[in-house]
Amino acid sequence: MEVNPPKQEHLLALKVMRLTKPTLFTNIPVTCEEKDLPGDLFNQLMRDDPSTVNGAEILMLGEMLTLPQNFGNIFLGETFSSYISVHNDSNQVVKDILVKADLQTSSQRLNLSASNAAVAELKPDCCIDDVIHHEVKEIGTHILVCAVSYTTQGGEKMYFRKFFKFQVLKPLDVKTKFYNAETDEVFLEAQIQNITTSPMFMEKVSLEPSIMYNVTELNSVSQAGECVSTFGSRAYLQPMDTRQYLYCLKPKKEFAEKAGIIKGVTVIGKLDIVWKTNLGERGRLQTSQLQRMAPGYGDVRLSLEAIPDTVNLEEPFHITCKITNCSERTMDLVLEMCNTNSIHWCGISGRQLGKLNPSSSLCLALTLLSSVQGLQSISGLRLTDTFLKRTYEYDDIAQVCVVSSTIQVES
């Protein structure tokens with residue numbers, strides 16, 4: 001939308017046009033059966049139409065291109081390009097012409113001019129052309145301000161401006177969810193919805209992790225030794241369609257060994273999304289830093305480092321536990337193992353584990369057996385801090401499938 005001040009008589013004329021790629025011409029096919037009254041008339045008209053595809057006249061999509069008929073929509077992440085032309089409509093030679101293009105957003109004003117140097121003179125029927133580009137990084141109202149100053153033959157300094165107002169829309173709706181695993185791994189689910197009116201080709205959707213994490217993408221599967229996308233060979237996202245991407249983040253070794261570091265709100269990373277629209281116009285969005293609230297483990301955290309999926313009935317099996325001191329004080333721990341109706345611990349209960357400094361960990365190899373078949377929950381571990389006489393109970397640590405010893409368990 002163009003908003004201009006009161007018109008003045010100027011020797012120069014300013015024209016501003018948005019540069020966009022054309023679209024494929026579409027027509028509405030009208031046809032009928034040969035036994036109908038028009039006979040083959042409609043089909044012959046479509047065959048004679050130069051905009052239809054030879055041999056596929058009933059397709060709406062043609063071979064011709066259509067130039068933009070209006071300003072169109074501008075979406076966040078796309079590149080806004082505009083052609084600026086200043087033409088001398090008079091019969092005089094104009095001197096010291098300076099053309100300046102600024103883009104005013106809700107938060108800043110940007111200079112888009114390729115050069116800020118003045119042109120010495122402009123003869124009649126000549127013009128000054130410039131093309132500006134800007135990657136749109138804000139939504140909302142944008143105003144393109146084009147200002148022209150020049151000097152007439154009589155030495156009079158002239159100046160005028162034009163304003164072009166447009167809206168920048170949001171192309172994608174991005175929602176994220178975090179899932180905390182029993183280990184220190186974090187799973188991120190990103191739901192990306194196309195909220196434009198045209199399909200998109202999703203060129204890249206990746207997660208750039210923070211310095212604390214390593215990331216693994218879980219959006220492909222291995223088939224015949226090749227990595228195949230879970231979304232198939234066509235990466236198109238239709239209007240209002242949603243696609244879900246999954247990522248696994250694991251703390252780096254130097255951070256995982258210090259449990260006290262990963263507490264409270266932590267920065268996970270940011271999503272980098274690249275897409276293409278009709279005729280290959282590219283757009284790119286980067287989300288702000290994604291944050292999640294790390295789960296609270298209290299003073300002492302107990303996690304499983306190793307456990308079998310399936311075990312034999314009434315046969316001992318081994319698990320490895322990791323005990324981490326998440327407090328800011330030294331603990332003196334004692335381990336107690338309490339049997340349940342189905343799970344029986346093997347070993348000495350009430351043994352001393354020794355002192356554990358803040359943010360330190362120790363690993364324990366424990367042995368147990370199950371007297372009941374089925375999916376059994378491992379429970380009954382107790383840790384007591386002798387300094388504060390405080391006991392921490394750990395039940396439903398994990399689950400294991402118990403089968404009859406006659407069934408061979410795959411290792």
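The model is a predicted one: local features need pLDDT of at least 70, side-chain atom pairs count only at pLDDT 80 or more, and totals for chains, interfaces and linings use all residues. Residues are numbered from 1 along each chain as its sequence is written, and side-chain values use heavy atoms, with hydrogens and water left out.

Let's stay with the pocket for a moment. Its 30 lining residues include T20, K21, T23, N73 and E281, which lie nearest the centre. Strand 5 (74-75) and strand 6 (79-88) are the elements that give two or more residues to this lining, and strand 6 supplies the largest share, three residues. Strands here are DSSP runs of E with at least two residues, helices are runs of H or I with at least four, and both are numbered from the N terminus. The space in the largest pocket comes to about 830 Å³.

Now step back to the whole chain. The protein chain has two helices and 34 strands. Its radius of gyration, 35 Å, is well over the 22 Å that the globule rule gives for 411 residues, so the chain is more spread out than a compact globule. That radius is taken over C-alpha atoms, and the rule is 2.2 Å times the number of residues to the power 0.38. Along the principal axes, the C-alpha atoms fill a box of roughly 105 × 75 × 35 Å. Of the 411 residues, 38% count as buried (under 20% relative accessible area; exposed is over 50%, partly exposed in between, with a 1.4 Å probe and protein chains only).

For a closer look at one strand, find F178 in strand 13 (residues 172-180). F178 is partly exposed, with a relative accessible area of 25%. Beyond its neighbours within four places in sequence, F178 is in contact (heavy atoms within 4.5 Å) with V186, F187, L188, I268, L290, Q291 and R292.

What about the cysteines? The structure holds zero disulfides, a disulfide being a pair of cysteine sulfur atoms within 2.5 Å. The sulfur of C248 is 15 Å from the closest cysteine sulfur, in C227, so it is too far for a bond. C363 is in no disulfide either, and the nearest cysteine sulfur, that of C321, is 9.1 Å away. C248 is buried, with a relative accessible area of 11%, whereas C363 is exposed at 52%.

Conventions
On a 1 Å grid over the protein atoms alone, a cavity is a set of points where a 1.4 Å probe fits but cannot get out, and a pocket is an open set with protein on both sides within 12 Å along at least five of seven lines; lining residues have an atom within 4 Å of a point. Grid points are joined across faces, edges and corners, and a volume is the space filled by probe spheres set on the points.
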